[in-house]
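Reader: I want a close look at one part of this protein. Take me through its surroundings, then out to the rest of the chain.

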Amino acid sequence: MPRKPRIEFPGAFYHIIARGNRKEPIFLNDADRKHMLDKLKRYKKRYNFILYAYALMDNHIHLLMETREIPLSKIMQGILQSHTQWFNKRYDKVGHLFQGRYKAILCDKRNYLLLLVRYIHLNPIRAGITRLIQCKYTSHKVYMKGESNDLVDTSLVLSQFSKRKKAAVELYREFVREGIGKDKEEEFYKLRGQRILGDKGFYEEVIGIVKEERNTENGIIKDRKVEEIRKKVENLTGVSSEQLKGGKRNRSVVKARALFVRLSKQYTNLKCRDIALFLNRLPTALSYIEQQITDNEFKQIIRKLNW
């Protein structure tokens, strides 16, 4: 089964897990972890994302991230590739450091922000590595200081507990401690559509955003059906569907056929093979067909459409 594409849009909120190849370590010592934190800071500055929490385990990492203009795929490609290159050079290794595709779960921030921050910060505890107070390579220590730094944004989470900094930190601390032994891992992996953590309403909201994003190109909404295009061409040119599909090559039919191809490409999500199939042509012929109407002619027609 082919992999589903990433769900990416400005403001998307993700729980990201990147694991070592064959479950092998991606950090061998503190210097390796510090290098990863430096990379995260550098890419945060470059790509302007928000990082709410992180945990650097021996063979995997957890990130809780909200993107802005730059899509997650570009952000993670930079972070993981640069760390892999550095690690391989430092330890004279070759090949992949991380296991295939990292996991990126699109989450409902309204309902899961606090729970996911706690879940990520308690990862070392669940693994039996350390006590909470000794969690050196999670962002828990940043929250305990009550202030954001150049990597972690704590203000939104702490504001959920209190407007007063000291009270917020204490309430946050208690909230995290209450999660020890209580948070069930499976709760954060019960996904809708294999990629989304949230209730049915959130799932439908995301699907709506995705459809709008994918149906829009350069400000043009690509939501027209082929029948709408056919009718519009017939109204504008007087050329029928049978004539479009036929073998006639008189000037009016050639122009109408070119207009159909260009409108289909601009206002629908049809692939070239689908457009060619409708016209009883080979896909390789479409480029020649659409050239039979000039850009200026096409622009003048577009002005009349009011689409």
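Is Asn21 buried or exposed, and what is its relative accessible area?

Author: Asn21 is buried, with a relative accessible area of 17%. Buried means under 20% relative accessible area, exposed means over 50%, and partly exposed lies in between (1.4 Å probe, protein chains only). This is a predicted model, in which local features need pLDDT of at least 70 and side-chain atom pairs count only at pLDDT 80 or more, while totals for chains, interfaces and linings use all residues. Residues are numbered from 1 along each chain as its sequence is written, and side-chain values use heavy atoms, with hydrogens and water left out.

Start with the location. Asn21 sits in the loop between strand S1 (13–19) and helix H1 (30–47). Helices (H or I, at least four residues) and strands (E, at least two) are DSSP runs, numbered from the N terminus. Next, the partners of Asn21. Set aside neighbours within four places in sequence, and Asn21 is in contact with His96, Leu97, Phe98 and Gln99. Contact means heavy atoms within 4.5 Å.

Now take Arg22. It is found in the loop between S1 and H1. Arg22 counts as exposed, at 59% relative accessibility. Its phi is near 55°, a positive value in a residue other than glycine.

Asn280 also has a positive phi, near 60°, and is not glycine. Asn280 is found in the loop between helix H12 (272–279) and helix H13 (286–290). At 56% relative accessibility, Asn280 counts as exposed.

Move on to helix H2 (residues 72–90), which holds Met76. Met76 is buried, with a relative accessible area of 0%. Leave out residues up to four places away in sequence, and Met76 touches Ile16, Leu63, Met65, Gln81 and Tyr102. Tyr102 is 26 residues from Met76 along the chain, yet their C-alpha atoms are separated by 8.6 Å.

Leu72 is buried, at a relative accessible area of 1%. With residues up to four places away in sequence left out, Leu72 touches Glu8, Tyr14, Ile16, Met65, Thr67, Tyr102 and Ala104. Ile16, Met65 and Tyr102 are touched by Leu72 and also by Met76.

Now go further along the chain. Leu72 and Ile229 are 157 residues apart in sequence and 35 Å apart in space, C-alpha to C-alpha. The chain is divided into domain 1 (12–214) and domain 2 (220–304). Those bounds come from an automatic or database domain assignment. The two domain centres, taken over C-alpha atoms, are separated by 48 Å.

Last, helix H14 (residues 295–305). Its buried residues are Phe298, Ile301 and Leu305. Seen down the axis of H14, these buried residues fall within an arc of 65°, so they line one face of the helix. The arc is that of the directions from the helix axis to the C-beta atoms. The spacing has a simple background. An α-helix has 3.6 residues a turn, so residues three or four places apart point the same way. What do the buried residues of H14 pack against? They pack against helix H9 (226–237) and helix H11 (251–267). The other side of H14 carries exposed residues: Asn296, Arg303 and Lys304.

Asn21 is buried, while Arg22 counts as exposed.
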